[in-house]
Amino acid sequence: MQRLSIALLLFLSLGALAVSTDCSGHGTYDAATQKCTCNSGYEGSDCETAICEDECQNDGVCTGPNQCKCSVGYDGDHCQKVNAFGNPSIELILGYVIVVIASWVAGNVATKIGLPKITAYIGVGVLAGSYVLDIIPQDQLNNLDVIDKVSLAYIAFAAGSKPIVGGRSISTVTFCLVLFTFSLVTLVFVLVAPHLKFTQGLSAAQQGGVAILVGTLACARSPSSAIAIIDDMRAAGPFTTLTMAVTCVMDVLVIFMFAVNNLIASSQFDTGGHSSVIFGKSIARLILSSLLG
């Protein structure tokens, strides 16, 4: 009986300790009821959830009483306004300026020792990122989205301005590269999928769906890197032209492949029984879009 009483007291003591008494800093703890009385604007057993009377729109997150943290491209009290430039902080702007200057200096140094400037740019980016010096924090990267989009647009125009000749050889090389890379990577992933933690619980069909997505991503190339290296090295000639053309064509082809294979993979995870209908409609849209250009 004595042991039972001691065990019961110990259990009650541990239970009391398990209950948070700080109420997340947003309420007052009542020892008699062992419950939190939340301040205005908060709710939950530990007063951990902020209340926004008007819902945060466009994927915004309620972070405080009637305070919304907006996603990239939106602004306003409830994230209802479009703002393409985001909400960059002073620290982010200064960090970006530092990275740009450091990249320019490092690029000039790389040129003197016979390396492409993009090698230095990547190195500076790794050092300035959140995993090393944290000059540009991870949670602030979304506010640089407009720079990312402008850069991608410039790369697309730069790639499109390159002359493309030798259509048959471009098609042959592109087809062989895509077929070899996609087949090899997909096959290897199918073989190792049963031994990977994040795919062990999946069926064979689902593992195959993931495998074709991985194989598709392995086919992706970087036109920006190719353009940077070609310009830095002042490369010219038939092989350079072929390389640039194949890189650009593969990039477009991979987008189409990913769209199709993503539909196939998603259908293996669909539990509503409508996968075939969704897949058919999506394929029809892709074909129609391709015909319309």
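Modeller: The model is predicted, so local features need pLDDT of at least 70 and side-chain atom pairs count only at pLDDT 80 or more, while totals for chains, interfaces and linings use all residues. Residues are numbered from 1 along each chain as its sequence is written, and side-chain values use heavy atoms, with hydrogens and water left out.

Colleague: What makes C23 and C36 a disulfide?

Modeller: A disulfide is a pair of cysteine sulfur atoms within 2.5 Å. The sulfur atoms of C23 and C36 are 2.1 Å apart, so the pair forms a disulfide.

Colleague: Why is the disulfide of C23 and C36 called left-handed?

Modeller: The torsion about its S-S bond is about -90°, so the disulfide is left-handed.

Colleague: Why is C23 called buried?

Modeller: Buried means under 20% relative accessible area, exposed over 50%, and partly exposed in between (1.4 Å probe, protein chains only). C23 has a relative accessible area of 0% and is therefore buried.

Colleague: What makes C56 and C68 a disulfide?

Modeller: Their sulfur atoms are 2.0 Å apart, so C56 and C68 form a disulfide. With -85° about the S-S bond, this link is left-handed.
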